[in-house]
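Please keep the sequence and the three-dimensional view at hand while reading.

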Amino acid sequence: MDGRYTYIEKQYIGRDYIRISIRLIMAAFCFAVYVYERDRDNTVDLFLVVGFGIIAVSIVLLFLVQYKTVIENKKVIIDGLWTTKKVVIDLNQITQIKKTTYSRFFFNNPVYNLHKNGTVRFFSSGRDAIVLTDRDGLEYYIGTQRPNEMYLVLQNEMKA
């Protein structure tokens, strides 16, 4: 943890196991077609190039941060990729904090600042989330890899 912040966590786009599996299966398919195909013309070589391209993109996505969650000075600051708007949640306006699973579905798309049915969602990978409810009834679902630690830090920040 960084010494300046009470809590910091980075969520990466390419570290979701389901998406990694899908990309590796596509690359394996490309390599299998390249090896299996008996006629060696220029179109078969394209499968080899595409397979290596999928692997290269997967490696780059492993290090690409989707969003960063920082808790400091009674605020939750969520900062995303390049042109995304920084979201600041004031903990003085929060009435309830709870741990939950993000969704009951097996496949969940990564989202940042998705407003849907009275909720605001931030999710990259995993299954766990922290739900913050403000005075207006708006719920913030913040996906996290360390739900227990984030929950305790949020409780301590609200008490301080």
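Helix H2 covers residues 42-62, and at 1.5 Å a residue its 21 residues should span 30 Å; the end C-alpha atoms lie 31 Å apart, which agrees. The model is a predicted one.

**Helix H2**
- The buried residues of H2 are Val44, Gly51, Ile54, Ser58 and Leu61.
- These residues cover an arc of only 100° around the axis, which puts them on the same side of H2.
- The other side of H2 carries the exposed residues Asn42, Leu46, Val49, Phe52 and Val60.
- Helix H1 (17-36) is the element against which the buried residues of H2 pack.

**Helix H3**
- Helix H3 comprises the 13 residues 147-159, which at 1.5 Å a residue should span 18 Å; the distance between its end C-alpha atoms is 18 Å, which agrees.
- Pro147, Met150, Val153, Leu154 and Glu157 are buried in H3.
- Their arc around the axis is only 130°, which puts them on the same side of H3.
- Asn156 and Lys159 are exposed, on the face of H3 turned away from its buried side.
- The buried residues of H3 pack against several strands, including S1 (7-12), S2 (65-72), S3 (75-80) and S5 (94-101).

**Methionine 150**
- Methionine 150 is part of helix H3, and it counts as buried because its relative accessibility is 0%.
- Leaving aside residues up to four places away in sequence, methionine 150 touches Tyr7, Thr69, Ile71, Ile130, Ile142 and Thr144.
- Between methionine 150 and lysine 99 there are 51 residues of separation in sequence, while their C-alpha atoms are 9.3 Å apart in space.

**Nonpolar cores**
- The largest nonpolar core has 20 residues, of which Val76, Ile78, Ile89, Phe122, Leu132, Ile142 and Leu154 touch the most other members.
- Two or more residues of this core come from each of S2, S3, S4 (87-90), S5, S7 (119-123), S8, S9 and H3.
- Helix H3 gives the most to this core, with 3 residues.
- Isoleucine 78 touches residues including Tyr67, Val87, Ile89, Tyr112, Phe122 and Ile142, not counting residues up to four places away in sequence.
- Another core, of 6 residues, lies apart from the largest one; among its members are Tyr102, Phe123, Ala129 and Tyr141.

How values were computed:
Residues are numbered from 1 along each chain as its sequence is written. This is a predicted model: local features need pLDDT of at least 70, side-chain atom pairs count only at pLDDT 80 or more; totals for chains, interfaces and linings use all residues. Side-chain values use heavy atoms; hydrogens and water are left out. Helices (H or I, at least four residues) and strands (E, at least two) are DSSP runs, numbered from the N terminus. The expected span of a helix is 1.5 Å times one less than its number of residues. Buried means under 20% relative accessible area, exposed over 50%, partly exposed in between (1.4 Å probe, protein chains only). The arc is that of the directions from the helix axis to the C-beta atoms. Contact means heavy atoms within 4.5 Å. A nonpolar core is a set of buried Ala, Val, Leu, Ile, Met, Phe, Trp, Tyr and Cys residues joined through side-chain atoms within 4.5 Å.
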